[in-house]
Amino acid sequence: VLIDAAALVTGVKFHVFGDGPEKNNLQRRIAEKRAEGKVILHGSVESVVDLMNAMNAVAIPSVWAEAFPYAALEAMSIGIPVIASKIGGLPELVRDGIDGLLSPPKDIEALITNIMILKANKSLAEGLGETGKEIHRARYTVEKMGERIANVYKHELGFKGYVFELPR
């Protein structure tokens, strides 16, 4: 989906990080769509966060229902806006127009529209990224997630008046 969108967008480069059994298919698709130079496959990298910091946005145009995509959390943690599909856990993490932009899965035109919106409106992109960073700090740090898990155990086990301390 991203490669198809990239072939139709001008003035934007797309960087794909990671490696796997679909690499040859991606390379073939890039060639078929004549998107060489627009889509750059980087393969596996040690620290994707450093590379995300150099990006204007992170696109996650998933076509299957991922439960809790870490790429969205990584982008949010550093204040990079996310463009994602409305599928699986993504709409729970990325709220359309608040901390990112959403589009229906496989909807290339909607994905392109969202890419172009952020390309044309730097202040919107920065605002979405900053809100995502604030939400990440408030909900998705290790400490915050640990607190929520402890509260589930407390509730389910019927603990009353006990205090759980999480290691720091």
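**Exercise 1.** Does Lys 106 count as buried or exposed, and at what relative accessibility?

*Solution.* Before we start: this is a predicted model, where local features need pLDDT of at least 70, side-chain atom pairs count only at pLDDT 80 or more, and totals for chains, interfaces and linings use all residues. Residues are numbered from 1 along each chain as its sequence is written, and side-chain values use heavy atoms, with hydrogens and water left out.

Step 1: get the cut-offs. Buried means under 20% relative accessible area, exposed over 50%, and partly exposed in between (1.4 Å probe, protein chains only).
Step 2: apply them. Lys 106 counts as exposed because its relative accessibility is 59%.
Step 3: Lys 106 sits in the loop between S5 and helix H6 (108-120). Helices (H or I, at least four residues) and strands (E, at least two) are DSSP runs, numbered from the N terminus.

**Exercise 2.** Find the positive phi values at Lys 106 and Arg 34, and say where Arg 34 lies.

*Solution.* Step 1: recall the background. Most residues other than glycine have a negative phi.
Step 1: check the angles. Phi of Lys 106 is near 70 degrees, and that of Arg 34 is near 55 degrees.
Step 2: look at the setting of Arg 34. Its loop runs between helix H2 (23-32) and strand S2 (39-43), and Arg 34 counts as exposed because it has 71% relative accessibility.

**Exercise 3.** Work out how strand S4 (residues 82-85) is packed and paired.

*Solution.* Step 1: look at the two faces. Val 82 and Ala 84 point to one side of S4, Ile 83 and Ser 85 to the other, and all are buried.
Step 1: find the partners. Strands pair if DSSP finds at least two bridges between them. Strand S3 (residues 58-60) runs parallel to S4, with 3 bridges, and Val 58 stands opposite Val 82. Strand S5 (residues 100-103) is also parallel to S4, over 4 bridges, with Leu 101 opposite Ile 83.
Step 2: follow the connection. S3, helix H4 (residues 70-77) and S4 form a right-handed β-α-β unit; right-handed here means that, with the strands pointing away from the viewer, the path from the first strand over the helix to the second runs clockwise.

**Exercise 4.** Describe the surroundings of Phe 14.

*Solution.* Step 1: locate it. Phe 14 belongs to strand S1 (residues 14-17), and it counts as buried because its relative accessibility is 6%.
Step 1: list its contacts (heavy atoms within 4.5 Å). Beyond the neighbours within four places in sequence, Phe 14 touches Leu 2, Ala 6, Val 9, Lys 38, Val 39, Ile 40 and Ile 115.
Step 2: compare sequence with space. Phe 14 and Val 58 are 44 residues apart in sequence, and their C-alpha atoms are 9.4 Å apart.
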